Structure formats: structure tokens, C-alpha cells
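Take a look at the sequence and the 3D view, then read on.

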Amino acid sequence: MTDSFTALAHTLAKSTGYPDLAMVVVKHPIGGLKKTDVGPRMVPVVQELLDALTLDPAELLRRAGDRTVGGFRPPRPRLAAGPNANTGGSNE
Amino acid sequence: MSDVTADRVRLTDDIVSVNDYFYDQGLSDGLPIVPPTPERVLAMLQFCDRDADEVLGSMPPGYTEASVQRLAVNAVMAGCQPEFFPVVLTAVEAMLAEEFNLLGVQATTHSVSPLVIVNGPIARELTINGGAGLFGPGWRANATIGRAIRLILLNIGGAYPGSTDKSTFGSPAKYSYCIAENEAETPWGPWHVDNGFAPEDSTVTVLGCESPHNINDHGARSAEELMVTVASTVATAGCNDIYLTGNPIIMFSPEHAATVANDGWDKARVRQYLYDNARVPMSEFNVSNIKRFGPIRPKFFANPDQHDSVPLVDEPSGFTILVAGGPGKHSSFIPTFGETTRVIRPITTKDGRLIRSVTELR
């Protein structure tokens, strides 16, 4: 996948039961590149690709690191925190 | 129908603080919400004969379970009146049908949003606008049912803009997209009757669509003249349907529909005309796209030298013909995501009995 789609890929891997799915990430975009530009983009990840196909899954999981995808956190459209800034609720 | 069992959070009574909380939690489309108090959620469930914990399915991309209760919470947040809830629930059922491809609709870079179309007496009972200005603003049912669908897709499905909803531009249609057909002014039968339902049945149809594109023709005096304009507007090389073949909508205004029908044209002839004439010349596709489209739509792009032009759909029946809107010489072309199929579902009791009024669910 390209690096613009990692959050979606991690979400889908987890939600469909493959949280440790091996993934190889390249810089976005790939679509629209000239053929001569594709090779240089791929060379750096060839070893990652080979590792993904051959390494022990436990090692791949360790390398994957934290794949937690945060929820939707839009920025507050405020110049400064106002009187309603602290809205943290308490769980019942 | 059972009690509210969802997790609860205690907030202040201040509406601004409550809205800031939901916004900060990412449980928002950016507009103020109606706080989903247990009382309001319970009221929403009054127009539902199902158990609150019943799960309709798992909603992509997060594949969280879409329970009746969770739908009700989002319907409250959207501002729905309780009697709107049967439409929301039926729309979700339709979107979860495999052929709708909700994962693709949610995650694509395209600007698709589910368009909810309500037919039958329940559309009239709930005052869902199918006439002038049907796409908004102004009608509570259109605005809040459509918004409930979006909040459900965000909060339950987990399609977060820029992160797991990869739409390049997003769309105003992603805020709210719900209409009725103008059954009172169609010269043909209504859409749900075309699909085998009785006029007194009520249905919800979902299509993964772009925003409407206007078709202006103030001059046409015949079906043939008007359809030339329609076909020209529809046939564009940058449209998803041209290589993914969804069910693009041609939405005739009542005046335009009358122009066509008064010359003896029925919907079948309209669809056939569009299939034959709403075509993009092969010369308008660049070489790279022809190569790319080949494996996706081989019927036309695998051997491009054998085709002078490409229709939007593989069969005339692929077009979705509707009549809606108010006075005026405008119609609407609504392209789809392409990799999605329209789904129509009747509004029923939990046992599958078709209803004629939402009061039958109380």
C-alpha cells in the first residue's frame, strides 16, 4: 500500500481478523507514475517484501509495532480555549 | 422493543459543552447534535418492533455491530423524529446488502455517498420531500434521515474523513442525502412499482451516488429533442460509471418527464435511447485509461478498436429512471460510484410484513 492508506489498511486488517497481516508501505502516490519512476520507488522495500513472505509471523508482528488507529479527532476551530473548553464527561 | 442498554456518560446540561464533548470525541459530522439522552433514545425506539440489541450486521470499515439501539442513538443525534426511524433502519439494512459494497462506498477516494430514496405512502406520511427543492434545504425528514445515515456511517462504521474514508474531496452529499420520488407527478409508474411492489407498499432504495449534476433544457419540445440534451450531459469520460458500470440515475423533473411521456415514450424506451446514445466516443479516452479499463470492463475496453463508443451501462436496465423535483425545465444526472449496485428494501415489521404506516410499528 502507499503511506496515504495505512490507517485504512490497519483498520481493515484488525476488523477482519488479521491484525498481524504483513504490510509493505511505499510513498504515495504510485498511480500516475511513469514506468521509469516506479522502480526507484520500489527498490527500498524489496527486502521488506521478502521479509514479509519469509519471516516468522511473530517477528513480523514485533516489527509492525503499534498499529492502533485513533478515532476521528477533528481540530477545534477556536483561537483559544473558551469557557466550554473542558468538556470531559464521566462514565457512569 | 427493549430498554436502553448502551454505555452512558454524564455531561452538564449546557448544550454547547455537550456538543463540544461529542465533537472532541469524533462523534460528529461537524454540526451540532441533539444529545442522545436515554429518554430520547427510548422514544426513538417506540417506532420499532425489534429488540434494541438486535444486530443488523457489521458495518465497514471498522466492522462494528450495527445494533438497533446504536442506530437509534445516531438518529436522535441527527435530529430525527421517532417516526422517521423505520426509514433509517431499512436504509441501513439495504446498505448492508453485499451487492451495495458498503466497504467500497465508505473507503474509496471517490466522492460517493449513499442516496436514500423513499417510495410509497410512508414517504408521504413522513413528509419526505420529492418535489421542489427535494435535495434541500428545508425539509426536516429529508435533512435528518439523511444526516442519521451519515452519523451511522461515521460513528458505527468508522469511516473517518481523511483516515478511513479516503474520499479525495468529500461531498456535500455526505452530510445528508435523502429524498422521495415525486409519485404524484410522474407520468410513469413510481420506482418501487417498477420493482414489483404494490403502490401501497413503501420502500427504501439506496444507491452509492455523487452529488446531482444539473441538466438544463428550456427549449426542447419533443422527447427526441430533450433526450439529445440528456444523453450529451450523461456521456462523460471522467465518470466512474463509464468503466465500473453502476446504476446511474436520470432524474427527470415533472415537466421534462411530461415532454418525454407525451410523445409516447415509456421508461424502457428512455433507457434504450440512453444506452444507444449516451455514449462516450472511444477517441475521448486516453491510451493509459483504455489500457487500465480493459480488465475492468472488457466488453468495451479489451478490444477498443471494435467499438466506436462506450455506453454508461452494460444493459439498458442499468439506468435508474426517476421523476422528482418541482416546476422548471431542469433534470438531474446523478452518477454513481460504479462499483456498487442499487438495493431496494420494503419497510416491514420484524416478521417481514409490509406496512402502510409507521404507526403499525408502535
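Two strands count as paired if DSSP finds at least two bridges between them. Keep in mind as you read that this is a predicted model.

Let's start with an open sheet in chain B, built from 4 strands in the order 5-4-6-13, with mixed pairing. Strand 5 (178–180) and strand 13 (343–346) of chain B sit at the edges with a single partner strand each, so one side of each has no neighbour in the sheet. Going from one strand to the next, the twist averages 25°.

Zoom in on strand 4 (residues 113–119) of chain B and you'll find that it runs parallel to strand 5 of chain B, with 3 bridges joining them.

## A second sheet in chain B

Chain B also has an open sheet of 4 strands in the order 7-12-8-11, and here too the pairing is mixed. Which strands are at the edges? They are strand 7 (213–216) and strand 11 (320–323) of chain B, and each of them pairs on one side only. The twist in this sheet averages 25° from one strand to the next.

Inside the sheet, strand 8 (residues 249–252) and strand 12 (residues 330–334) of chain B run antiparallel and are joined by 3 bridges. B:Ile250 is a handy place to look, as it stands opposite B:Phe333 in strand 12 of chain B. Helix 11 (residues 254–261) of chain B lies across strand 7, strand 8, strand 11 and strand 12 of chain B, and it runs at about 95° to strand 8 of chain B. Helix 12 (residues 267–277) of chain B packs on the sheet as well, touching strand 8 and strand 11 of chain B, with its direction at about 130° to that of strand 11 of chain B.

## A hairpin with a twist in its backbone

Now go back along chain B to strand 2 (55–59) and strand 3 (64–67). Strand 2 and strand 3 of chain B form a hairpin, with 4 residues between them. The two strands run antiparallel and are joined by 3 bridges, and B:Ser58 has B:Glu65 in strand 3 of chain B as its bridge partner.

The loop between these strands has a couple of backbone details to spot. B:Pro61 is located there, and the peptide bond leading from B:Pro60 to B:Pro61 is cis, with omega near 5°. B:Tyr63 lies in that loop too, and it has a positive phi of about 55° although it is not a glycine.

Another cis peptide bond runs from B:Gly136 to B:Pro137, again with omega near 5°. You'll find B:Pro137 in the loop between helix 6 (121–125) and helix 7 (140–155) of chain B.

## Where the two chains meet

How many residues does each chain bring to the contact? Chain A puts in 25 residues and chain B puts in 25 residues. Together they bury an area of about 2100 Å², and carbon and sulfur atoms give 56% of it. Between chain A and chain B there are 0 salt bridges, while 2 residue pairs are in polar contact.

On the side of chain A that touches chain B, the elements giving two or more residues are helix 1 (6–15) and strand 1 (90–91) of chain A. Helix 1 of chain A makes the largest share of that side, with 5 residues. Sorted by class, this side of chain A has 9 nonpolar, 12 polar and 4 charged residues.

## Salt bridges

Over all chains, the count of salt bridges comes to 14. One of them pairs A:Glu59 with A:Arg63, whose closest N and O atoms are 2.9 Å apart. Both A:Glu59 and A:Arg63 belong to helix 4 (residues 57–64) of chain A, where they are 4 residues apart, about one turn of the helix.

Methods:
Residues numbered from 1 in each chain as written. Chains lettered and ligands numbered in written order. Predicted model: local features only at pLDDT ≥ 70, side-chain atom pairs only at ≥ 80, totals over all residues. Heavy atoms only, no water. Axes fitted to C-alpha atoms, helices over the stretch in contact; angles between N-to-C directions. Contact = heavy atoms within 4.5 Å. Buried area = accessible area lost by both parts, 1.4 Å probe. Salt bridge = Lys/Arg side-chain N within 4 Å of Asp/Glu carboxyl O. Polar contact = N/O pair within 3.5 Å; in protein donor to acceptor, adjacent residues only side chain to side chain. Nonpolar A, V, L, I, M, F, W, Y, C, P; charged D, E, K, R; others polar.
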